[in-house]
Amino acid sequence: MLNEQRDLWVQRGYETRIEGQNAFSLRGRSATLAGKPDLLVLNKDHVLITDVKTGQERPSHRYQLMIYMYALPRAQHEFRDARIAGEIIYPNRTQRVPQGGVDQGFVRDLSALIRRIAAPEPPHRLPSMAECRFCDITAADCPERVDADADDEAATTDDF
């Protein structure tokens, strides 16, 4: 899918950069943010950041794209004054994030999250079945892990 997208833009006469050519690293006071957008489509002072996904749509995909839109002009000087938009290509749909889609609220929230993750003390854990079911860390490595027990029955009462 990525090669198909790149080929479409090249056929239209646009310069493209793919994967490793797009790697960036942005050092802050508390952490380094790095990434590698799938595809950049370049046209004068416009940049379209394209991320291709083959699986199910997830809200995190949009945040990932917005992080790229935030970081790329700060990490790579050639894009400092560029107008940057983004799109996520799914097998059956395209989701767009327009230029200006990364606002001050997003930057504030992203900065707070990175500072919290990079803090000397780890974030307070709030283990729950809803969170732990997505985590790859086993109970052997995380004593707070919450796993569903198929044998658990619902609690009962005689009150109603």
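**Around strand β4**

In this predicted model, strand β4 and strand β5 (residues 46-52) pair in the antiparallel sense, with five bridges between them. Within that pairing, valine 41 stands opposite leucine 48 of β5. The two strands form a hairpin with two residues between them, and in this hairpin lysine 44 adopts a positive phi near 55°.

One of the pairs here is isoleucine 18 with its bridge partner in β4, leucine 39. As for burial, four of the five residues of β4 (residues 39-43) are buried, so the strand is largely enclosed by the rest of the structure.

Arginine 29 lies in the loop between β2 (24-27) and β3 (32-35), and it counts as exposed because its relative accessibility is 89%, where the cut-off for exposed is over 50%. Arginine 29 and valine 10 are 19 residues apart in sequence, and their C-alpha atoms are 39 Å apart in space.

Histidine 61, by contrast, belongs to helix α2 (residues 59-75) and counts as buried because its relative accessibility is 11%, with buried meaning under 20%. Leaving aside residues up to four places away in sequence, histidine 61 touches Lys53, Gln56, Ile88 and Tyr90. With tyrosine 90 there is also a polar contact of 2.8 Å, which joins the side chain of that residue to the side chain of histidine 61.

Notes. Residues are numbered from 1 along each chain as its sequence is written. This is a predicted model: local features need pLDDT of at least 70, side-chain atom pairs count only at pLDDT 80 or more; totals for chains, interfaces and linings use all residues. Side-chain values use heavy atoms; hydrogens and water are left out. Buried means under 20% relative accessible area, exposed over 50%, partly exposed in between (1.4 Å probe, protein chains only). Two strands pair if DSSP finds at least two bridges between them. A polar contact is a pair of N or O atoms within 3.5 Å; within protein, one must be able to donate a hydrogen and the other to accept it, and residues adjacent in sequence count only if both atoms are side-chain atoms. Contact means heavy atoms within 4.5 Å.
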